Each structure stands twice: as structure tokens, then as C-alpha cells.
There are 2 protein chains.
Amino acid sequence: MRIVLDAMGTDDAPRIEVTGAIEALREYESDVELILVGDREVIDAELARHEVVPNRISVHHAPDRVQADDSPASVIRTKPNSSIVVGLELQRKRDADAFVSAGSTGAVMATSLFKLRPLPGVDRPAIGTLLPTAEEQCLLVDAGANIDCKPQHLVQFAHLGNIYAREIMGRPKPRIALLNIGKEPGKGDELSAAAYEVLKNEDSLNFVGNLEGRDIIEGICDVVVCDGFVGNVLLKFYESVAQFIVGLIKTELGALTENALDFDHIFRILDYSETGGAPLLGVGGVSVICHGGSSSKAIRNAIRVAAQAVRSDMVVQTANRLSKSISNAPEEVS
Amino acid sequence: MRIVLDAMGTDDAPRIEVTGAIEALREYESDVELILVGDREVIDAELARHEVVPNRISVHHAPDRVQADDSPASVIRTKPNSSIVVGLELQRKRDADAFVSAGSTGAVMATSLFKLRPLPGVDRPAIGTLLPTAEEQCLLVDAGANIDCKPQHLVQFAHLGNIYAREIMGRPKPRIALLNIGKEPGKGDELSAAAYEVLKNEDSLNFVGNLEGRDIIEGICDVVVCDGFVGNVLLKFYESVAQFIVGLIKTELGALTENALDFDHIFRILDYSETGGAPLLGVGGVSVICHGGSSSKAIRNAIRVAAQAVRSDMVVQTANRLSKSISNAPEEVS
């Protein structure tokens with residue numbers, strides 16, 4: 001399979017991307033080829049700094065780079081030669097199977113929607129993000145793609161998350177929960193109360209009901225459904241708290257580095273880059289979004305997520321399941 | 001001053017409340033008298049277990065107890081002899097100056113609204129909660145009292161938080177921020193975008209703009225304004241994450257208790273009970289809400305918060321400021 005990696009996305013591009021790409025090919029199965037998209041001269045210079053470069057890496061030239069202040073929706077028109085637009089066009093033409101980028105989330109999303117199109121039955125593709133918990137990771141949908149949602153959008157997020165959790169995360173019967181301010185049915189704002197009423201009757205979902213903020217960390221469900229405003233606030237808060245606490249611990253341990261204390265697993269749980277790579281769910285292709293501040297490890301993980309999505313035929317699976325499961329949902333709610 | 005403490009609120013009532021009350025009187029200034037409200041026989045038995053009970057503690061009998069499944073809005077009618085209703089009635093009659101309870105948040109709020117009435121200019125009283133940050137604590141308003149808010153409600157929360165931060169938290173010119181999914185003006189859902197437009201023109205506020213989830217922990221503002229849905233999810237999530245991480249560290253340190261490692265300040269930062277006691281802002285009295293799972297330390301802190309509010313004449317200050325500052329706000333937004 002061929003995976004496009006936008007080489008110009010991170011704050012420290014293309015150094016991080018090139019390192020992540022080389023590490024990924026060293027670590028993962030040999031059926032993956034990587035196409036680095038971006039300024040060829042800059043990427044080649046970066047590749048030259050590595051002693052051994054796997055021959056499964058190639059470079060595709062795209063001279064432009066999307067900047068933070070570019071309007072996401074206009075990028076496709078204003079920056080047609082940017083790594084994001086060129087990279088996703090490769091997938092549209094079927095010259096590649098997946099796209100990974102740490103560039104502007106808005107631009108990746110808008111361009112993915114245009115190039116890959118939403119799947120039938122999906123009004124609003126959503127971002128799924130894995131959250132570390134005390135048990136297994138859980139998928140938060142939507143992590144920030146959609147604000148001002150209607151109940152049927154939350155229902156669609158639940159179905160998209162359900163399929164992803166089963167096909168990619170390997171959870172046989174994903175437990176789907178609705179993020180809310182109380183456990184009881186009927187709790188919450190108008191949006192979540194109405195979504196609950198639909199979700200509880202969706203036979204194709206293992207809907208386990210409302211989930212409060214305090215329950216997320218316990219890992220008692222596989223998919224947490226919420227609108228993108230709450231999801232975005234929560235996700236960014238989680239990352240910062242984890243970093244903050246890891247920082248506190250590290251400072252405290254500073255004088256003790258010789259000590260045999262093994263805090264590795266704490267750091268692993270709190271290390272967001274372990275989970276790097278958030279899939280855009282509900283489009284007719286594979287598009288994986290990373291943070292601008294990603295490490296090479298996060299890029300490597302995102303490539304793994306993209307490869308899993310291609311290998312499991314996620315898009316076709318999603319389209320098939322969607323046509324069975326949510327065909328009626330949008331009409332059931334206003 | 002006389003502060004009513006609902007003795008029947010915590011999960012382990014009245015043991016926690018009695019201990020917290022005795023500790024508070026030992027620690028704080030002598031102008032505070034505490035009235036424990038609840039089942040006299042049970043409270044007296046608990047008091048008898050303490051060798052020394054300050055004479056500034058008295059008991060006021062209230063035989064009923066509000067349960068988790070009581071409808072909050074009906075408690076005033078269905079449980080007129082409950083500790084919550086009796087306790088707040090003491091303040092309404094001016095037999096007490098403040099009320100502290102770890103009972104049902106909904107019941108305390110509904111009964112406070114009825115007995116103490118909202119201040120003029122306040123459509124929806126809000127819960128303010130102190131969040132630990134890397135710098136000083138910041139106040140989150142609303143932490144869960146109001147869902148489905150309109151822009152003018154967020155503007156009112158900003159004013160209520162502003163007055164509390166100045167008068168009680170001692171911040172001379174509180175920095176007020178709007179919780180949002182991006183820093184730029186115009187970002188966010190309809191609610192926050194509209195609230196931003198009003199807040200930026202409020203001359204009596206030091207409005208510092210939008211704040212993302214990741215910025216909260218940095219402590220770069222004094223008041224974070226959001227609707228009660230987001231605030232509730234965020235608050236509960238924060239508490240659970242902090243507990244979770246403290247648990248991880250403690251497990252890791254288990255074998256090392258003899259070690260001189262000083263993690264005290266980490267635990268203190270993450271220990272939510274340090275900040276116990278969330279004031280209900282915008283009512284014509286002092287009503288401080290604690291968690292059902294509060295420790296005696298949290299109860300002690302809540303009593304301190306209530307005493308500060310009485311001492312600084314918070315209600316009169318708030319009413320005066322409100323009449324100047326938000327008289328026009330509600331008309332400015334739809």
C-alpha cells in the first residue's frame with residue numbers, strides 16, 4: 001500500500017516527518033510504501049542527513065505550504081500546489097491509499113472532504129481521537145471537527161466510532177457512551193437529551209448510556225460521543241494536564257535520575273504522542289490528522305493507524321455498515 | 001457571623017461534617033459560629049465522639065434528609081423538614097449569614113434560588129469552582145448550574161466571576177477569559193462567538209479573549225467563562241484525572257515509603273479537596289456547595305469560603321456592581 005505523508009506539517013517540518021517516516025518503515029511490515037509530499041529540495045536535504053534511508057520512501061514535489069493563517073476552506077483554491085492539496089489529490093486519483101498530515105487541521109479536513117467526499121449517510125465527517133484511560137484507550141468522537149451539532153450528527157458519530165472501534169481498534173462489540181452531565185436518561189442539554197432518545201433505540205449499537213466527565217478516565221467504554229466543541233476543549237485540556245503533571249513529576253525526580261525508580265509506565269499512559277494520529281471518520285478515503293507539535297513517534301504512530309485503516313479496508317467496511325445502520329436515523333430526529 | 005452547615009450532605013454524613021466543623025473552628029478566626037443542621041440525635045452522637053467540641057458549634061434539628069433521587073425542584077415542597085430546606089430558611093430569616101452543604105447540588109441550587117432569590121440583573125445564578133493551575137487557582141463559571149445557555153448568560157457569568165475574583169480571591173483586576181476552541185475572535189460555536197462580541201465591549205471587565213482547553217492549566221487568567229454543560233464535563237474530568245494520576249504515582253511509590261521523596265506539593269496541586277466549596281454566584285445570600293464525596297478538609301475549606309464571602313459583604317458588593325455593570329448587557333444580545 002502507498003501512504004502519503006505530508007512532509008511540511010509539523011512545527012519542525014520536515015525534520016520530524018522524515019525521522020518518523022524512516023522509523024515507521026523500519027518498524028512496520030514491508031507492504032507499506034511512503035510518499036513524502038512537500039518541497040523536494042528541502043526533503044532531500046533532510047533525507048541526506050540520515051545514513052540509511054529505506055528504498056520504500058519516495059518524494060513527490062509540492063512547492064507550497066499551508067500556513068496557520070490560511071483560510072482552511074480556501075486552501076484548495078489558493079494553494080493548489082501545497083503539500084495538503086497535492087497529497088490528497090494523489091489519493092483521489094488512486095495513486096495512494098491514505099494520507100497523513102500534521103498540518104492545519106482545518107485545511108486537512110476541508111480538503112479531505114472535497115477530495116475524498118463524505119460517505120453516503122454522513123452529514124458531517126468527524127475526528128476520532130484515542131484517549132489514554134486506566135484501561136484500554138477509548139475513542140473520542142468528535143474531537144473538534146463539528147460545532148453546533150444536531151442530535152442526528154451525534155448519532156452518526158456513534159456509528160462512525162462504532163465501526164472504527166470494531167475494525168481498527170479490535171473491540172468486538174464496542175461500548176458506545178454519550179458524554180453528558182449526569183448518568184440518568186433525560187439528563188443534559190437539549191442536544192444530548194435528544195441524541196440519547198435516538199441512541200437507546202439503535203439496535204446495531206451497543207449503547208451503554210450517558211457517561212460523565214469523571215468516568216472517561218476509567219476506561220469503561222470504547223467510544224465517547226460528544227459534539228466537537230466539548231470534544232475539542234476536553235482533548236486539549238487532557239493533553240495539557242498530562243504534560244503538566246509529567247513535568248511536575250520529572251522536576252521532582254530531577255535529582256534522582258540515578259535512582260532505579262521506574263516511572264516509565266506512568267509516562268507512557270500520560271504521553272499523548274503514544275496515541276498520535278486522529279482519523280477523519282466518514283469520508284471516502286483514509287485521512288489521518290496529527291498535531292502540529294507532533295514528535296517523530298507520533299508521526300510513526302499515525303502512519304501505523306493509516307496502514308491499519310487501509311489493511312482492514314475501513315472505508316468500504318464503513319460504507320457497508322453505514323448503509324445498513326444509519327439509513328433511518330436522520331429522519332428520526334429533527 | 002453564623003454559618004449553617006448541612007450536617008447530612010456527604011456520603012459519610014454526619015461524621016465528615018462534624019470533623020470538618022470542629023477543625024474549621026480550631027483553625028479560623030473566632031468570629032465564626034457554626035450551626036449544624038440535621039437529625040439532632042445523630043449529630044449529637046457524632047459530636048460525643050470528639051473529646052473537645054468548641055462551644056461555637058450548635059445543632060438545629062431537621063429530621064429529613066434529601067436523597068439523590070429526590071427531584072431537586074420539588075424538595076422545598078416534598079421535604080420541608082430536610083437539612084437543606086431548614087438550613088436555607090435560617091438564612092432567609094436572617095438567623096444565619098451563610099449556608100454550606102455537600103448534599104444534592106441540584107437541591108441546594110433550587111432551594112437557594114427560592115429562599116435567597118436571584119440578584120437583580122441575574123437571569124441564572126451560576127456555580128463558581130476553583131481549579132488548580134500551574135500558577136494561582138482560577139475560577140470556572142459556570143461549573144454546572146446552567147445548560148443550554150444564551151450569550152447574555154455567559155456575559156452575566158463573566159460579571160459574577162469578576163466580582164468574586166476581586167472581592168473573595170483578592171485579584172485586583174481579574175483577567176476574564178472565554179473558554180473556546182480557538183484563540184482568534186469569531187472562533188467557536190454560535191454561543192461563544194456571540195458572547196465574545198459582547199464581552200469585548202464590556203468596559204467594566206478586563207476581558208482577555210478566548211482561552212483553549214490547553215491553556216486552563218497554565219493559569220493565565222483568573223476567571224474562565226463557559227456554559228454549565230462544558231464546565232461540568234471539564235470539572236469532573238479534571239478531578240478524575242488528578243485522582244487517577246495521584247493513584248498511579250502512589251502505587252509506584254508504594255514500595256518506597258521509607259524513601260525521602262517529597263511529592264507533597266504535587267499531591268497538593270492535584271488534590272481537589274484543597275479547593276473544596278463552590279459558591280453559588282448571583283443569589284441574594286451565601287450558599288456554598290461541596291461534593292458528596294468531600295473530605296473533612298474540603299468541608300473546612302468550604303466554611304472558610306463562606307466566612308470570606310460574609311466578611312467581604314459579597315452579596316451587597318455583587319448587587320452594587322451588577323447594577324452598574326450589566327444593566328445593559330441583556331438587551332445587547334439576542
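This is a predicted model: local features need pLDDT of at least 70, side-chain atom pairs count only at pLDDT 80 or more; totals for chains, interfaces and linings use all residues.

Tutor: Where the two domains touch, domain 1 of chain A contributes 15 residues and domain 2 of chain A contributes twelve residues. On the side of domain 1 of chain A that touches domain 2 of chain A, the elements giving two or more residues are α5 (105-116) and α10 (296-311) of chain A. Of these, α10(A) gives the most, with five residues. By class, this side of domain 1 of chain A holds eight nonpolar, six polar and one charged residue.

Helix α10(A) also leads us to the sheet, for it lies across β1, β4 (98-101), β10 (278-281) and β11 (287-289) of chain A. Its direction runs at about 160° to β4(A). The sheet of chain A is open and has eleven strands, in the order β3-β2-β1-β4-β11-β10-β5-β6-β9-β7-β8, with mixed pairing. At its edges stand β3 (57-61) and β8 (206-211) of chain A; each has a single partner strand, so one side of each is left without a neighbour in the sheet. From one strand to the next, the twist averages 30°.

Strand β2 (residues 33-38) of chain A runs parallel to β3(A), and five bridges join the two. In one of the pairs, Val37(A) has His60(A) of β3(A) as its bridge partner. Helix α1 (residues 15-27) of chain A packs on the sheet here, touching β1 (2-6), β2 and β3 of chain A, and the direction of α1(A) makes about 175° with that of β2(A).

Finally, chain A also touches chain B, in a contact that takes 34 residues from chain A and 33 residues from chain B. On the side of chain A, α8 (228-253) and α9 (264-270) each supply at least two residues, and α8(A) gives the most, with 17 residues. This side of chain A comprises 21 nonpolar, five polar and eight charged residues. The same surface serves both copies, since 97% of the contact residues of chain A recur in chain B.

Key:
Residues are numbered from 1 along each chain as its sequence is written. Chains are lettered from A and ligands numbered from 1 in the order in which they are written. Two residues are in contact if their C-beta atoms, placed from the backbone, lie within 7 Å. Helices (H or I, at least four residues) and strands (E, at least two) are DSSP runs, numbered from the N terminus. Ala, Val, Leu, Ile, Met, Phe, Trp, Tyr, Cys and Pro count as nonpolar, Asp, Glu, Lys and Arg as charged, and the others, Gly among them, as polar. Two strands pair if DSSP finds at least two bridges between them. Axes are lines fitted to C-alpha atoms, for helices over the stretch in contact, and angles run from 0 to 180 degrees between N-to-C directions.
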